[in-house]
Amino acid sequence: MDMAVRGGAIAPPSRRRCCCCSPPQACSSSPALSSVQEGQCEVWLKQPDKSEQEMVKQYSAGDSFGELALLYDAPRAATVKASTDCTLWAMDRMTFRTILMHTTSEKRKLYEKFLEDVPLLKTLDKYERSAIADVLEHEYFEPGQDIVVEGQPGDKFYLLEEGEAEARAGGKIVMKYTRGDFFGELALLNNKPRAATVSATTQCKCVSIDRASFKRLLGKLDDILNRKKEEYGRANGEES
């Protein structure tokens with residue numbers, strides 16, 4: 001995204017000019033990841049069916065923008081303008097990618113052993129498990145807190161990394177989960193609402209995979225997942 005800047009800081013509305021900012025305090029055509037230290041900015045975007053740009057989002061202290069152009073070598077998707085006096089920090093492409101690669105490597109190491117111990121993933125090779133590790137997002141739940149809720153749309157698949165949980169359907173417990181177990185796949189396999197409510201019975205740490213990544217990375221495990229679906233059906237006293 002473009003920034004309205006003056007020196008190293010975003011200029012006030014009366015002194016805006018659109019350019020790309022790169023550290024330390026120069027304006028150039030080089031893209032950068034920008035983080036707002038203080039002030040507020042507006043994101044302006046031209047929709048395909050509109051003739052003029054319209055404001056679609058606001059940024060304030062702690063927000064950042066510009067990462068998509070660095071990740072994909074793509075043109076800026078929108079224009080970011082200052083709505084107040086603002087100060088920001090900018091990170092160049094090389095620094096951003098170096099940090100991203102290091103973070104990805106550390107994340108893989110963190111989850112490598114855990115994924116090796118998950119029975120569902122035993123048939124996958126190291127590289128396939130690494131691809132899964134790259135998309136995992138961790139989530140924490142307190143005892144009694146619902147992780148998924150029966151009847152609601154499902155857009156995530158869960159692996160239980162720490163703690164214990166149980167699934168309830170029709171008011172009765174149909175499944176219990178411990179480290180390495182998984183749940184949430186039925187809604188993604190069937191494109192239907194959640195079939196049961198899964199709640200934490202102790203403090204839980206889960207890792208989740210979104211719908212698109214689930215389809216892409218776990219497609220070869222369809223047979224195993226469908227057998228699990230039959231197991232759920234028997235536990236619930238019905239054909240599934």
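**Salt bridges, a helix and a cavity**

Me: At 36% relative accessibility, which class does Arg168 fall into: buried, partly exposed or exposed?
Reply: First, some ground rules: this is a predicted model, where local features need pLDDT of at least 70, side-chain atom pairs count only at pLDDT 80 or more, and totals for chains, interfaces and linings use all residues. Residues are numbered from 1 along each chain as its sequence is written, and side-chain values use heavy atoms, with hydrogens and water left out. Buried means under 20% relative accessible area, exposed over 50%, and partly exposed in between (1.4 Å probe, protein chains only). With its 36%, Arg168 comes out as partly exposed.

Me: And which residue does Arg168 meet in a salt bridge?
Reply: A salt bridge here is a side-chain nitrogen of Lys or Arg within 4 Å of a carboxyl oxygen of Asp or Glu. The N to O distance for Arg168 and its partner is 3.2 Å. That partner is buried at 16% relative accessibility, and its name is Glu166.

Me: How many salt bridges does the structure hold?
Reply: Another one joins Lys50 and Glu54, whose closest N and O atoms are 3.3 Å apart. Both ends are partly exposed, Lys50 at 37% and Glu54 at 29%. Across the structure, the salt bridges number 5.

Me: How many residues apart in sequence are the parts that Lys205 and Glu161 tie together?
Reply: The side chains of Lys205 and Glu161 form a salt bridge, 3.6 Å from N to O. Lys205 sits in strand S18 (residues 204–210) and Glu161 in strand S13 (residues 156–162), so the pair links parts of the chain whose separation in sequence is 44 residues. Helices (H or I, at least four residues) and strands (E, at least two) are DSSP runs, numbered from the N terminus. Lys205 is buried at 11%, and the separation in question is 44 residues.

Me: Is Glu161 itself buried or exposed?
Reply: Contact means heavy atoms within 4.5 Å. Leaving aside residues up to four places away in sequence, Glu161 touches Tyr111, Phe114, Arg179, Lys205, Cys206 and Val207. Its relative accessible area is 8%, so Glu161 is buried.

Me: Which residue caps the N-terminal end of H3?
Reply: Helix H3 spans residues 126–135, and its buried residues are Arg129, Ser130, Ile132, Ala133 and Val135. At its N-terminal end, a side-chain oxygen of the cap lies 3.1 Å from the backbone nitrogen of Tyr127. The capping residue is Asp125.

Me: Which helix gives the most to the lining of the largest cavity?
Reply: A cavity is a set of points, on a 1 Å grid over the protein atoms alone, where a 1.4 Å probe fits but cannot get out; lining residues have an atom within 4 Å of a point. The lining here is Arg108, Glu112, Glu116, Lys126, Arg129, Ser130 and Ala133. Helix H2 (93–116) and H3 each supply at least two of the lining residues. With 4 residues, the top contributor is H3.

Me: What volume does that largest cavity have?
Reply: The structure holds 1 cavity of 30 Å³ or more. Grid points are joined across faces, edges and corners, and a volume is the space filled by probe spheres set on the points. On that basis, the largest cavity has a volume of about 60 Å³.

Note on methods. Polar contact = N/O pair within 3.5 Å; in protein donor to acceptor, adjacent residues only side chain to side chain. 1 Å grid on protein atoms, 1.4 Å probe; cavity = no way out; pocket = protein on both sides within 12 Å on 5 of 7 lines; lining within 4 Å.
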